[in-house]
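I have a model open and want to jot down what I look up as I go.

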Amino acid sequence: MPPPRLVIRAVLVVVIVAGLYGLVRTKRDELVDFAVPHRAAVRFLGHEPLYRESDGHYQYKYLPTFAAMMVPFTWVPKRAAEAAWFALTVIMAWGFVRLSIAALPDPRLPARVLFWLVLLINGKFLIQELALGQFNLPVALLLLGAVIAARLDRGPVAGAAIAAAVFVKPYALVLLPWLAWTMGWRSVAVFGLALLAGLLVPVLSYGWNGNLGLLHDWYRTVTATTRPNLLGADNVSFAAMWTKWLGPGPAADRLALASMAIAVAAGFVMMARRRAAAEPNYLEGAYFLFLVALLSPQGWDYVLLIGLPAYVCLVDRWFDLSPRWRAVAGTGMVLTSFTIYDLLGRRLYEHLMQWSAVSVGAVLIAATLVRLRWRAIA
């Protein structure tokens with residue numbers, strides 16, 4: 001028989017998950033972001049078009065392969081599938097926080113202290129992930145797994161993990177330059193082969209030409225829906241930041257591209273100084289994961305959840321920073337994690353989002369991560 005303590009913990013977990021799910025369902029008719037790929041999976045089985053303008057704001061924007069990956073959730077009633085995904089999301093959230101802390105090299109703070117501090121700072125993103133039924137957590141776990149695999153000198157595993165993450169969210173490609181720099185061409189080759197194999201999966205349902213048509217429709221849908229979303233209050237990307245400040249146009253586009261180039265170049269500077277760190281992969285991986293929300297034109301604020309290892313690193317190395325850089329990092333954390341409607345009220349919240357306060361905070365955090373490597377703190 002299982003130990004009584006284990007049974008109690010299992011029952012407690014079930015009660016907590018059920019309570020959270022019940023709370024979410026009192027606020028929403030469904031997990032809106034889960035419903036989109038679930039509907040696409042149904043269409044995949046029926047060999048129907050996946051990308052339809054008639055779906056409005058909730059158009060399917062994932063790669064065709066992800067619809068195939070979602071097919072198992074169509075084997076049960078939608079309500080049961082939704083509840084199952086919610087439970088999996090809770091488990092993945094717990095696992096991602098714990099794994100991010102466990103993988104941190106040479107920690108300064110006790111794991112329990114780190115856990116609660118990081119949970120507080122990232123609570124906003126975790127709640128949004130759960131309430132929407134989003135899919136950032138599997139991406140985050142796969143990419144963190146790639147970073148851990150690189151530490152163990154298993155480059156091909158890292159490449160395969162990044163490829164798998166791309167099928168869930170294409171912005172997982174942000175880790176590809178790091179993979180190429182640190183692991184070499186064999187890992188990139190495995191990534192390419194895994195990606196190619198995955199892209200061919202829909203051929204089983206749609207045929208060769210049908211799959212090519214789906215990929216074309218995916219590209220058209222993503223590009224056509226990007227610009228209208230740049231002025232969305234919750235969009236924290238570089239593209240959204242400059243568009244909110246300057247208005248739509250060439251100037252905002254050029255400055256967004258320049259910001260992206262500088263951010264990626266800073267990552268290469270970090271990698272160039274990796275010999276200064278006893279274990280360089282964690283900080284570099286954390287930095288590029290944190291960049292996802294800034295680089296993706298549809299980087300909603302809750303996408304910062306993927307950057308949780310960056311918060312882990314900053315909290316743990318807090319007392320290694322100078323007072324000036326603590327102020328920079330602290331300001332970044334306040335702006336990214338505590339710009340909350342219920343906390344600030346409508347007027348202040350709307351002003352801060354209009355002026356891209358979360359984006360500014362994210363830039364401050366990214367700069368502090370670079371500082372950690374520059375001073376050989378991590």
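Which residues does Leu-369 touch, leaving out those up to four places away in sequence? I looked this up in the model, which is a predicted one. I found Met-270, Leu-283, Tyr-287, Phe-290, Ala-310 and Leu-314 on the list for Leu-369.

Next entry, the core. I noted that the largest nonpolar core has 119 residues. Leu-369 is among those with the most contacts inside it, together with Leu-50, Tyr-60, Tyr-287, Phe-290 and Leu-372.

Next entry, Thr-368. I placed this residue in helix α18. Is Thr-368 buried or exposed? I wrote down buried, because its relative accessibility is 0% and the cut-off for buried is under 20%. I also checked the Thr-368 side chain, which reaches the backbone oxygen of Leu-364 at 2.8 Å. Leaving out residues up to four places away in sequence, I listed Leu-314, Leu-321, Trp-325, Val-328 and Ala-329 as touching Thr-368. Leu-314 was already in my notes as a contact of Leu-369.

Last entry, Val-360. I found this residue in helix α18, which covers residues 357-374. Val-360 counts as partly exposed, because its relative accessibility is 30%. What does Val-360 form with Trp-245, Leu-246, Leu-255 and Trp-355? I recorded a nonpolar patch on the surface, and the five residues together have about 460 Å² of accessible area.

Technical notes: Residues numbered from 1 in each chain as written. Predicted model: local features only at pLDDT ≥ 70, side-chain atom pairs only at ≥ 80, totals over all residues. Heavy atoms only, no water. Core = buried A, V, L, I, M, F, W, Y, C linked by side-chain atoms within 4.5 Å. Buried < 20%, exposed > 50% of the residue type's maximum accessible area, 1.4 Å probe, protein only. Contact = heavy atoms within 4.5 Å. Patch = residues over 30% accessible without salt bridge, like charges linked within 9 Å, V, L, I, M, F, W, Y side chains within 5 Å. Areas by Shrake-Rupley, 256 points an atom, 1.4 Å probe, with all protein chains shown as cover. Salt bridge = Lys/Arg side-chain N within 4 Å of Asp/Glu carboxyl O. Helix = DSSP H or I, 4+ residues; strand = E, 2+ residues; numbered from the N terminus. Polar contact = N/O pair within 3.5 Å; in protein donor to acceptor, adjacent residues only side chain to side chain.
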